[in-house]
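Student: I would like to go through this structure with you. Could we begin with how the elements are arranged and then turn to individual residues?

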Amino acid sequence: MSFSEVGTAFVGHYYNTFDTNRAGLMALYRDNSLMTFEGAQIQGKQKIMEKLAGLTFQRVKHETQTIDCQPSITGGIIVMVSGMLKTDDDPPHRFSQVFHLVQEGSSFWVSNDVFRLNYG
């Protein structure tokens with residue numbers, strides 16, 4: 001698979017898991033993973049999962065609109081996503097998210113994750 005195919009497949013898996021079984025995302029992070037969520041930095045898979053589990057909505061649906069992938073110099077993949085986020089009965093919000101995926105054997109894990117809602 002090309003880096004673009006891997007990145008696109010990762011995005012589909014990530015958001016499907018996020019929307020249906022957030023706890024299942026733990027396997028994608030490691031103890032040295034770093035997330036920036038709306039400006040707050042969180043390190044380690046346990047703390048990242050605590051943050052994601054603590055989000056207050058009950059229902060969530062991500063609709064991706066763009067996915068851009070690039071190979072990183074270290075052999076990983078940078079993935080930039082933009083789309084719409086629908087939670088509970090709230091109006092949809094635009095979001096963007098960047099992942100740095102690192103290869104481990106035949107799979108990839110999230111080294112860096114930056115999430116932002118886009119206002120305006």
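Student: Which strands does α2 lie across, and at about what angle does α2 run to β1?
Tutor: α2 lies across β1 and β2, and runs at about 45° to β1. Axes here are lines fitted to C-alpha atoms, for helices over the stretch in contact, and angles run from 0 to 180 degrees between N-to-C directions. Helices (H or I, at least four residues) and strands (E, at least two) are DSSP runs, numbered from the N terminus.

Student: Before we continue, what kind of model is this?
Tutor: This is a predicted model, in which local features need pLDDT of at least 70 and side-chain atom pairs count only at pLDDT 80 or more, while totals for chains, interfaces and linings use all residues. Residues are numbered from 1 along each chain as its sequence is written, and side-chain values use heavy atoms, with hydrogens and water left out.

Student: And which strands does helix α1 lie across?
Tutor: Helix α1 (residues 3–20) lies across β1, β3, β4, β5 and β6. Its direction is at about 160° to β3.

Student: What is the strand order in the sheet?
Tutor: The order is β2-β1-β6-β5-β4-β3, in an open sheet of six strands with mixed pairing. Its edge strands are β2 (40–43) and β3, each of which pairs on one side only. On average, neighbouring strands of this sheet are turned by 15° against each other, direction ignored. Two strands pair if DSSP finds at least two bridges between them.

Student: Do β1 and β6 run parallel or antiparallel?
Tutor: β1 and strand β6 (residues 107–118) run parallel and are joined by five bridges. Within that pairing, Thr36 has Val114 in β6 as its bridge partner, and Leu34 has Asn112.

Student: How many bridges join β5 to β6?
Tutor: There are 11 bridges between β5 and β6, and these strands run antiparallel. Gln97 stands opposite Phe115 in β6. The hairpin of β5 and β6 has two residues between the strands, and Gly105 takes a positive phi near 70° there.

Student: Changing topic: which residues touch the most other members of the largest nonpolar core?
Tutor: Tyr14, Tyr29, Leu52 and Phe99 do, in a core of 29 residues. The elements giving two or more residues to this core are α1, β1, α2, β3, β4, β5 and β6, and α1 gives the most, with six residues. A nonpolar core is a set of buried Ala, Val, Leu, Ile, Met, Phe, Trp, Tyr and Cys residues joined through side-chain atoms within 4.5 Å. In soluble globular proteins, nonpolar side chains tend to be buried together.

Student: What does Phe99 touch?
Tutor: Leaving out residues up to four places away in sequence, Phe99 touches Phe10, Tyr14, Tyr15, Ile77, Ile78, Val79, Val81, Val110, Asn112 and Asp113. Contact means heavy atoms within 4.5 Å.

Student: How many aromatic pairs are there?
Tutor: The structure holds nine aromatic pairs. One of them is Tyr14 with Phe18, tilted because the ring centres are 6.3 Å apart and the planes are at 35°. Rings of Phe, Tyr and Trp (its six-membered ring) pair if their centres lie within 6.5 Å; planes under 30 degrees apart count as stacked, over 60 as edge-to-face and the rest as tilted.

Student: Where do Tyr14 and Phe18 lie?
Tutor: Both lie in helix α1, four residues apart, about one turn of the helix. Tyr14 counts as buried at 1% relative accessibility, and Phe18 counts as buried at 7%. Buried means under 20% relative accessible area, exposed over 50%, and partly exposed in between (1.4 Å probe, protein chains only). Ring pairs link Phe10, Tyr14, Tyr15, Phe18, Phe37, Phe95, Phe99 and Phe115 into a cluster.

Student: And the charged side chains: how many salt bridges does the structure hold?
Tutor: The structure holds two salt bridges, each defined by a side-chain nitrogen of Lys or Arg within 4 Å of a carboxyl oxygen of Asp or Glu. Glu104 pairs with Arg30, with the closest N and O atoms 2.7 Å apart. Glu104 lies in strand β5 (residues 93–104) and Arg30 in strand β1 (residues 29–37), so the pair ties together parts that are 74 residues apart in sequence.

Student: What about Arg59: which residue does Arg59 form a salt bridge with?
Tutor: Arg59 forms a salt bridge with Asp89, the closest N and O atoms being 2.9 Å apart. Arg59 lies in the loop between α2 (45–53) and β3 (60–71) and Asp89 in the loop between β4 and β5, so this pair ties together parts that are 30 residues apart in sequence. Arg59 is partly exposed at 48% relative accessibility, whereas Asp89 is exposed at 69%.
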